[in-house]
Structure formats: C-alpha cells, structure tokens
Amino acid sequence: MRGTTRTVAVAGISAAALLLAGCGGGGNEDSEGEGTTGTSAKTGGAITVRGCNPENPLVAGNTSETCGGNVLDIVTAKLVEYNVETAAPENDIAESIETTDNQTFTVKLKKDYKFHDGTVVKAKNFVDAWNYTAYGPNAQQGSYFFEPIEGYADLQSEDPDADGPQKAPEPKAKEMTGLKVVDDTTFTIKTAEKVSNLPVRLGYTAFAPQPDAFFADPKTFGDKPIGAGPYKVDAWTKNAEIKLSKFADYSGKTKGNLDNITFKIYQDSNAAYADVQANALDVTDEVPASAQIDEKYKTDLPDRNLQKPVGVIQTITTAPEKVDPNYGPEIRKAISMAINREAIIKAIFNGTRQPATGWVSPVVDGYKADVCGEFCQYDPAKAKEQLAKAGGFKGGKMTLSYNADASHKEWTEATCNSIKQALGVDCVATPVVDFSTFRTQIGEGKMKGMFRTGWQMDYPSIENFLAPLYGTGASSNDSLYSNPEFDAKLKEAAAATDAAESNKLYQEAEAIIANDMVTIPLWYSTTTVGWSDKVTNVKVTPFGVPDYASISLK
C-alpha cells in the first residue's frame, strides 16, 4: 500500500561510520528471523504498538501511506485479503470474482458481512465508495487506482488553467459506467481495456467499502472511521495515540487474538525501541541505528526480534522541474553513480539490504535484475564525467530531505557524504519534523531538491511498482513524471492475458523509466521488528508490516 508513498522506515548508524569504512565495497547479507510461534498464547488482553502520524484523516480512499495505512489494514476489510506468509490474494468479503475476458468481472459477496456500526456490507457500499474515491473534485489520493474502470475519465475535471487560474468545471459524470449493482450481494466491474491482474489489486485499501454513515458526513468520518475489519477505532488522539478494540461481530477468517491494540505515536524510533526494551511498548516495527550495529538488537531483545525481506524499495526522488529545475535526468544519473550503495548498506544497515538495480522488488513475479545498468553502479570517475556532460550542477548545493520522526538521518547523511566525495558538490541531509509534514510539503509542491521515497507494495505485482509511481497523474507520482510511451506500455501490459507476456511488457515499461532515470533506486529492504517479553506470535507480512491481528499475549 502505499501510494503517496506507502513508506517503510529504515534504520542506520552515524554517517561517520561510512567515512570510516572508506566508501569501499560492502557486504550484502539478507537475514531472516522467525517470530515466536511455539510459545503458549492466550486470547484477549491489550497491547501497545509503535505508530506514527497519519497524513490525512483515516478514509480508505484517501490514505496512501503507512502511518494511516497500518491502522486501516486491520480496521477495513476488502473483497480480497493477502496471505500473511505469501501475499497471495484470497477471497475475504468476496464469495467469488469471475471473468471470462479480463474485462467484465462479476463479484458476489458473502452474506451478512458487517460493518462496525452493525450494518451489512452490500454491493452498493463498494460501488458508492469507489465512485466517491474516483470522483475528481473529492480529491482522494486513491482515485488513480480506479483509472482502469470504464467511465473513470468522465469523473475527472479538465485542467482549466491554460489561460491562467480558473475554477475547474464539473466533471461530465459522478458515477463510473463500469460499475453496476445487480443486487445486494452482486455487482459487476467493466474495465475500459483488459486488465489481467484486477482481482489481485482488490485487496488494496482504496478498494474498501464504505458504510452509509460515510456518505452522510465524509468530512468528519476519518476521525473515527467505520470499517468491516477485525478491529474498530475507538478513539484517535492526534499526535498521541489511536486506540482500537476487537470487533465482536467480525465476519472474516482473520480474527484478532487481542481485545485492544493501541498505536502509540512516536516522533523518534529510538524512544520506541527503548520502550520495547523496557516492556513499556509491546511491538516496534523500527529498530534504530545503534541497535543495528553488529546486530545488537539480537542481544538487546533475545528471542524477541525478527528480520525479513519484504516488498519494499527505497529510492530518492527529485522535485518536479517546475519546482526545482536543477535535477534533470542526466544529473540524476550522475548522482546515482555517486552513491556507494554497498558501503552504505554495510556501514548503516549491517548488510541487511540489497542494492537496487532497478525499480521493482525481487519479491514479486516479473522482477528483472540490472535494469538500471551502469547508472546504479558506484563509479566516482564516471559520475563526475556524467555531471560534466550534463552541464554541471547549477543549484549551489544539493539537498536530500527526510522525515525526522523515523530513522533516516544516518543513511541520508551517509548518502550525501558519498555524493559530495564523488561529485565535489556539497550535499546536505535536511530533516522535516514528521512524516505528515514531509508528505504535505511534497504533495503541495513545496519540497525542493532531492527527498527520500520508499514504496511498500500495495499488492504483489510488478505493475504495482510501476503504474502508481510513474504513470501520468498517478497518485504516488511525486516527481510528476509523464511519458506517453511509458503509459502506453502499461496499458499494453495490463491487457495481456498471458502472465509471462504481461511481465515482459511491464519489464519493457521499466526500461523506459530507467532511460529517464525517473527516480534513483537505492536498495531493496528488509523489515526488522522487536517486541516485549509479554507477547508472542509476532509475524511480519510480505508488505513489511507486523501482522497485528495474529499477536497474542503469553
């Protein structure tokens, strides 16, 4: 999930460590741990887990980052859910999703699946929610995910600003022609073109149904959302905590073990980690800098830690040209070659990342190695030549911004040091107070220079690492990249009925963004989590998120 960038925090040590390592080549070892699954567990009780400030109110169609998404993952239910171990899609609210042509899909719902307010989930709750999210004037960040559905374009306003600022006209329609309610438990989806992986996508947060209460008051709904998942929101105290309780009438199979889960909002991952050590916090999905050195976290939290490769990639994005014209594609190529990924991974992450050689995670079918080619290989001499070929850097000093409420300070400083040493251009890692502010600045076009971006897959598909991030007008297209050739290739790939052919076409699309060096790939991630001695059955999903519903008290 996550769209505007469903980001996953990572940890590091001081930038000085990189310099001590001499920027030489480093090791690259992925390690994987296992949660405590054999310990005697019980149902009931309450735990606290690390949280962070959501960017927006908790509305499924407008939440495309992890701070809000992690909460909504266990508050909402969708047509499908993803297997905790494999990420394979499995029917949840859907009884069946059938198609004979990959263009018209018939969805049948399980009967009497309930929302937290006791109302039954009906076909219209999906259709109405999807139309609301897709409708341009509602400005929902998840709108882009409905683009394949017939009639989506008619829900968008055309840009009226060709002759200066003007009010956008009303769209032609408020409902997509491709959505039809057949009866209370059946609806159909018709896409504008063939979409072979549509059923795989339908477990993403934006596709959640909304109860009738949402449409009565969508502006305040997000403060205490009503979903159909195993947990419901009891209270959200801004900048402090989000309290959840088990939904007694939950209809799905992924029933929670605990009575209450509270997301405690932290501004500092070190504080969350210290609280886990002291058993004052039960789960943290971030292990900070100091604890990564020599795998110190394994000593700090013996039998209370887990590390797992996940569908997450860390990248650097540069501001759109109209915001900052100093970071064009040829400059980005020089910067990329100036980053010693291996040394940073060794010094900062203790070898627990894999250098990225493209834009798609190795955990999904369709991954292809070395798409980035020489431009993702550390070569100071070639980097300098490339910078000169591009006309040099004209912005004075480079900046690399990051959200300061997660463990990004160390690796961004180390990355800037590597760039400075290789290119001879000053580079400064620049903190922004928290994730919500960081994302707001990017969304409003106020972020200049470079900034960190991390993508956590929404669903297990090569397409998800490409279309939402680099398609024209896509919800998580922070660089505002637009290339008709790339867009056309995405459509061609989506229409392919053979999985191998579809993957091949998506790989061709990835090659296009490689040529444009749209973003700078850094590394494929692992997630490291730690927990208190009170809990057991801690697992991490392939999306890099603790499976909160499975956690139990000992």
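**Salt bridges and a sheet**

Author: K489, E492, K504 and E508 are linked in a network of salt bridges. Please keep in mind that this is a predicted model.

Reader: How far apart are the closest N and O atoms in the salt bridge of E508 with K489?

Author: In the salt bridge between E508 and K489, the closest N and O atoms are 2.8 Å apart. The pair links distant parts of the chain, since E508 belongs to helix α17 (residues 499-516) and K489 to helix α16 (residues 484-495), 19 residues apart.

Reader: Is K489 buried or exposed? And what about E508?

Author: K489 is buried, with a relative accessible area of 17%. E508 counts as partly exposed, at 29% relative accessibility. The cut-off for buried is under 20%.

Reader: How many salt bridges does the structure hold?

Author: The structure holds 21 salt bridges. One of them joins R50 to E286, with the closest N and O atoms 3.9 Å apart. R50 lies in strand β1 (residues 46-51) and E286 in the loop between β11 (283-284) and α8 (289-292), so this pair ties together parts that are 236 residues apart in sequence.

Reader: Are those two buried or exposed?

Author: R50 counts as buried, at 7% relative accessibility. E286 is buried too, and its relative accessible area is 2%.

Reader: Which residue meets K124 in a salt bridge?

Author: The side chain of K124 meets that of D212 in a salt bridge, at 2.6 Å from N to O. K124 lies in helix α3 (residues 123-134) and D212 in helix α5 (residues 212-216), so the pair ties together parts that are 88 residues apart in sequence. K124 is partly exposed, with a relative accessible area of 31%. D212 is also partly exposed, with a value of 46%.

Reader: What else surrounds N125?

Author: If its neighbours within four places in sequence are left aside, N125 is in contact with F115, V120, P209, Q210, P211 and D212. As for Q210, its backbone oxygen lies 3.0 Å from a polar atom of the N125 side chain.

Reader: What holds strands of a sheet together, in general?

Author: Strands of a sheet pair through backbone hydrogen bonds, either parallel or antiparallel.

Reader: And how many bridges join β5 to β7 here?

Author: Five bridges join strand β5 (residues 104-109) to strand β7 (residues 186-190), and the two run antiparallel. To find this place in the model, one may look for F105, which stands opposite I189 in β7.

How values were computed:
Residues numbered from 1 in each chain as written. Predicted model: local features only at pLDDT ≥ 70, side-chain atom pairs only at ≥ 80, totals over all residues. Heavy atoms only, no water. Salt bridge = Lys/Arg side-chain N within 4 Å of Asp/Glu carboxyl O. Helix = DSSP H or I, 4+ residues; strand = E, 2+ residues; numbered from the N terminus. Buried < 20%, exposed > 50% of the residue type's maximum accessible area, 1.4 Å probe, protein only. Polar contact = N/O pair within 3.5 Å; in protein donor to acceptor, adjacent residues only side chain to side chain. Contact = heavy atoms within 4.5 Å. Pairing = 2+ DSSP bridges.
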